[in-house]
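This report examines selected local features of the structure shown below.

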Amino acid sequence: MRPGAGSDSGPGAGDGGVRPARPLIVTEDLALLDDLLRLCAAAGAEPEVHHTVPERRAGWTDPPLVLVGDDAAARCRGATRRPGVLLVGREGDDPAVWRRAVETGAEDVLLMPEAEGRLVDLIADGVEGGGRQALTVGVIGGRGGAGASTLACALALAAARAGRRTLLVDADPLGGGLDVLLGGERAEGRRWPDFAASKGRVAGGALEESLPLVRGVRVLSWDRGDPVLVPPEAMRSMLAAARRRGGVVVVDLPRRIDDAGTEALAQLDLGLLLVPGELRAVTAAHRVAAVVGPVIRDLRAVVRGPYEPGLDERWIADALRLPLAGELPEEARAFATGEGGPPPGADARGGLARFCGAFWQRVLVPESAA
């Protein structure tokens, strides 16, 4: 009997704390069990294992996902109907497996080994919240030096102050490192070079725990070594894993969009184009918008002064044909680089922090912190 077999303890039972959601496996087929345990490990999940329907009702109804081996289908007849039950068999088995799935109340039949990839996805979705994805906001400068990294850091700090699970992604390999801007360059944790070879599904919980934690924000940034090429597959895997954890993901985007940058753009819920109040900046921002606009589903302008004569935030947003997300306060020091001091937006009473706090209040659907 495997660890956990025959145990009716549900998530969080017995320890007085909150434990990760655990899928339920029901089978006596040792070969199938080995495969399912391997797939659970790949999805970052620790399952409960039973040979039949758990005696305790909650042991059947509480798990986010129930994987019933075809050998156990008959023993699961009459169990309480619930969503998230899958019947797992093998290719070439008895075609009556579909009838047994109906009798068991299974939503679908997954045949191994062809369905392994899909099964890993379903397990990961189940234990990581299944659809409650993070609101993902990208920040890009309308011209070089516009202050996109500064705004991205301030947004992340404001979200963390509001009690949101927050992950800040540095998608600009030539930007100098957001961990440095936050004052966390010495914080322990993994950086982009550790993930450059990542492909396929990455467990969101494992990713989050591996990253440096700086001022309540998990940061995926660069190390101090030579630039490392991040393939689009790695960018896709990292952002998908981050989004599945819920809360807020903030992405600092480069102005030169490569294949990895295009992957980042495609996963954004909202893009902020930061434009200084200068005519040349507006012209440059128009070109940036023409490149990223077709990919980002919702692109808005954020404008900051001081303004050249004849310009203001409304004129700039109208010139770019973008909705105005807001006007940043004129805090020259907040957008200066290399001066040391606290990270941008760290002072909750400052204008930049107040702007970011108000932004999240507008765009986040009211809910308990993820």
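## The tryptophan of helix α12

W315 is partly exposed, with a relative accessible area of 39%; buried denotes under 20%, exposed over 50%, and partly exposed the range in between, for a 1.4 Å probe and protein chains only. This tryptophan is found in helix α12, residues 313–320. Its C-alpha atom is separated by 9.8 Å from that of G277, 38 residues apart along the chain.

The model is predicted: local features need pLDDT of at least 70, side-chain atom pairs count only at pLDDT 80 or more, and totals for chains, interfaces and linings use all residues. Residues are numbered from 1 along each chain as its sequence is written, and side-chain values use heavy atoms, with hydrogens and water left out.

## Helix α5

Helix α5 covers residues 148–161 and has 14 residues. Helices (H or I, at least four residues) and strands (E, at least two) are DSSP runs numbered from the N terminus. From first C-alpha to last, α5 reaches 20 Å, close to the 20 Å expected at 1.5 Å a residue, where the expected span is 1.5 Å times one less than the number of residues.

Because 12 of its 14 residues are buried, α5 is largely enclosed by the rest of the structure. The buried residues include A148, T150, L151 and C153. G163, which follows α5, has a positive phi, near 90°.

## Cysteines and aromatic rings

C153 is buried, with a relative accessible area of 0%, and C356 is likewise buried, at 0%. The structure holds zero disulfides, a disulfide being a pair of cysteine sulfur atoms within 2.5 Å.

There are two aromatic pairs in the structure. The rings of F359 and W360 have centres 5.1 Å apart and planes at 65°, so this pair is edge-to-face. Rings of Phe, Tyr and Trp (its six-membered ring) pair if their centres lie within 6.5 Å; planes under 30 degrees apart count as stacked, over 60 as edge-to-face and the rest as tilted. Both F359 and W360 are buried.

A search of the whole structure finds three cavities of 30 Å³ or more. On a 1 Å grid over the protein atoms alone, a cavity is a set of points where a 1.4 Å probe fits but cannot get out, and lining residues have an atom within 4 Å of a point. The largest cavity has a volume of about 70 Å³.

Strand β7 (166–170), helix α8 (204–210) and strand β10 (248–252) each supply at least two residues of its lining. Among the lining residues are R165, E208, R218 and R245. The lining divides into four nonpolar, three polar and four charged residues.

Terms used. On a 1 Å grid over the protein atoms alone, a cavity is a set of points where a 1.4 Å probe fits but cannot get out, and a pocket is an open set with protein on both sides within 12 Å along at least five of seven lines; lining residues have an atom within 4 Å of a point. Grid points are joined across faces, edges and corners, and a volume is the space filled by probe spheres set on the points. Ala, Val, Leu, Ile, Met, Phe, Trp, Tyr, Cys and Pro count as nonpolar, Asp, Glu, Lys and Arg as charged, and the others, Gly among them, as polar.
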